[in-house]
Amino acid sequence: MDQTGSSETNGIASRQAVRLVFLAIGIIVFLLVAWVGRVIVMLLLGAVIFAVLLSAVVDWVSMKLKIRRGLAFALLLIAGLAIIFLAFWIRGPRIIEQFADLETDLPQATHQFLERVRSLQWGSWLLAQLSDYTQTSGNIGSALSRIGGFVLSTASIVGGLGLVLFLGLYLAAEPEVYLSGIRRFVPKSDRTIFDACVGSAVRVLRWWLISQMFSMIAVGTIVTVGLWALGVPLAGTLGIIAALLTFIPNVGPILSVVPAVLLAVVISPIKGLLVILLFLLVHFLEGNIITPLLERKIVRLPPALTMTAQLFLAVVAGPLGLALAAPLTAIAIGTFQVLLPDDRLPSSPSLPR
């Protein structure tokens, strides 16, 4: 009897050891595949994030109009396509033309800015302190002249992520189908905690995305009006860039001010200073008035944690990782609220009923 029990115990231990080995191998293979296709993984995550935002809107419309979710999704899709079509029909050619002008004007503005700095005594002294002045200044000019290319690549990413939008629409249309498929891979004993983690992560991410949408609209509008009032060229395009880059905390506001300042400095240094003050005022209002108005409903991401995630994902996946670092941080916070409940973590808000 003792030998039978001992053999059964050894058999169970052996099966558990084999299971752990296969699990470890599976995790290693998954991580290797994820690393090789990390850009694709980030695009898929972007589609999930877009689907979460769209699902929040669909659920709200379905609740308010008391209609089926499928009908609410169809109505939103038709309304969204109509708005996009009208926007491009009315302003599309002008926006494309302004982005093309920006690609030409920014390198010229950068060159003029460097020449103006070089003509000043302190500017010449500052550049002279750099080792290998000619090579270094050339590198500075080259880097700054690519700002236009970076801005345009940002706009191209936003306009060219059709795959993200396409997948996001499918995920938002029937999220339970895809979630149930993933749930099948979770052991039955862990499905309760899995459902709780998913629910918490989705709630935190939804409210963070909603707050960012309001911030982006506010920043883009105020920047456009302010630059137009200051007489800075391409104010509408620079406002769009400022709105889009607001989605990236910490880094986005800094990047958005550079092209506007370069174009303004070409006109006059005073105007460049006024543009800097404008952006400081805009982001002060965004951080101290707009966001606090939503603070009862959203989770504010810890800045140090967000910046760490941005640095890591920027190294791993480049600009796309940098752009998605903040929403992924929100997902992580929502998940850890369930796995590691702690009063020090931001509370998970509830969606409105």
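The model is a predicted one, in which local features need pLDDT of at least 70, side-chain atom pairs count only at pLDDT 80 or more, and totals for chains, interfaces and linings use all residues. Residues are numbered from 1 along each chain as its sequence is written, and side-chain values use heavy atoms, with hydrogens and water left out.

**Overall build**
- The chain has 13 helices and zero strands; helices (H or I, at least four residues) and strands (E, at least two) are DSSP runs, numbered from the N terminus.
- Of the chain's 353 residues, 33% count as buried.
- Among contacts between residues at least 6 apart in sequence, 71% join residues at least 24 apart, where contact means heavy atoms within 4.5 Å.

**Confidence**
- The average pLDDT of the chain is 77, and 74% of the residues score at least 70; pLDDT is the predictor's confidence in each residue, from 0 to 100.
- Among the elements, α9 has the highest mean pLDDT (89) and helix α5 (residues 133-145) the lowest (46).
- Over residues 131-138 pLDDT stays under 50, and the model has six contacts beyond four places in sequence for them.
- Residues 143-152 also stay under 50 in pLDDT, with 15 contacts beyond four places in sequence.

**Nonpolar cores**
- A nonpolar core is a set of buried Ala, Val, Leu, Ile, Met, Phe, Trp, Tyr and Cys residues joined through side-chain atoms within 4.5 Å.
- The largest such core has 27 residues, and Leu227, Leu263, Val275 and Phe279 have the most contacts inside it.
- At least two residues of this core come from each of α3 (69-119), α9, α10 (235-245), α11 (252-267), α12 (269-294) and α13, and α11 gives the most, with seven.
- Leaving aside neighbours within four places in sequence, Val275 is in contact with Leu227, Leu230, Val232, Ala260, Val261 and Ala264.
- A second, separate core has 25 residues, including Ile49, Leu205, Ala309 and Ala326.

**The second largest pocket**
- On a 1 Å grid over the protein atoms alone, a pocket is an open set of points where a 1.4 Å probe fits, with protein on both sides within 12 Å along at least five of seven lines; lining residues have an atom within 4 Å of a point.
- The second largest pocket has a volume of about 1,700 Å³, a volume being the space filled by probe spheres set on the points, which are joined across faces, edges and corners.
- Its lining has 39 residues, of which Leu45, Val48, Ile182, Val198 and Ile331 lie nearest the centre.
- Helix α2 gives the most to this lining, with eleven residues.

**Two loop residues with positive phi**
- Most residues other than glycine have a negative phi.
- Leu234, in the loop between α9 and α10, has a positive phi of about 60 degrees although it is not a glycine; at 12% relative accessibility, Leu234 counts as buried.
- Asn250, in the loop between α10 and α11, is not a glycine either and has a positive phi of about 70 degrees; with a relative accessible area of 28%, Asn250 is partly exposed.

Notes: Buried means under 20% relative accessible area, exposed over 50%, partly exposed in between (1.4 Å probe, protein chains only).
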